[in-house]
Amino acid sequence: MGVMEELKGKGKQVIADVTDNEALKTEGEAQRDKGAEQRQETEARAKAQAHEKKAEMHERTQEAAQS
């Protein structure tokens, strides 16, 4: 999700450098940073979900052993 924002922001930065447009450069940096944060959030969420699945698996194993 955030990867596209990062790429669009980077593209704006490149165009801003070529056209010497400081406002577009600032906008591109902000968009790139936003995308990076979104990507990190998505990665953290995926990692948390993997841990939850692992914990559920261990809980089912424990319950089966107790039965």
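Housekeeping. Numbering starts from 1 along each chain as its sequence is written, and side-chain values use heavy atoms, with hydrogens and water left out. Because the model is predicted, local features need pLDDT of at least 70, side-chain atom pairs count only at pLDDT 80 or more, and totals for chains, interfaces and linings use all residues.

Start with Q13. Q13 sits in helix α1, residues 2-19. Helices here are DSSP runs of H or I, at least four residues, numbered from the N terminus. Q13 has 9% relative accessibility, so it counts as buried (under 20% relative accessible area; exposed is over 50%, partly exposed in between; 1.4 Å probe, protein chains only). What does Q13 touch beyond four places in sequence? K25, G28, E29 and R32. Contact means heavy atoms within 4.5 Å. For K25, 12 residues along the chain from Q13, the C-alpha separation is 4.7 Å.

Next, D20. D20 belongs to the loop between α1 and α2. Its phi is near 55 degrees, a positive value in a residue other than glycine. Buried or exposed, at 67% relative accessibility? D20 counts as exposed.

Last, the surface. E52, E56, E59 and E63 form a patch of negative charge there. Patch residues have over 30% relative accessible area and no salt bridge, with like charges joined within 9 Å. A salt bridge puts a side-chain nitrogen of Lys or Arg within 4 Å of a carboxyl oxygen of Asp or Glu. For Glu, the charge is placed at CD. E63 lies in helix α2, residues 22-66. With a relative accessible area of 42%, E63 is partly exposed.

Methods
Patches are made of residues with over 30% relative accessible area and no salt bridge: like charges are joined within 9 Å, nonpolar side chains (Val, Leu, Ile, Met, Phe, Trp, Tyr) within 5 Å. Accessible areas come from the Shrake-Rupley method with a 1.4 Å probe; for residues, only the protein chains shown count as cover. Lys and Arg count as positive and Asp and Glu as negative; His and the chain ends are not counted. Helices (H or I, at least four residues) and strands (E, at least two) are DSSP runs, numbered from the N terminus.
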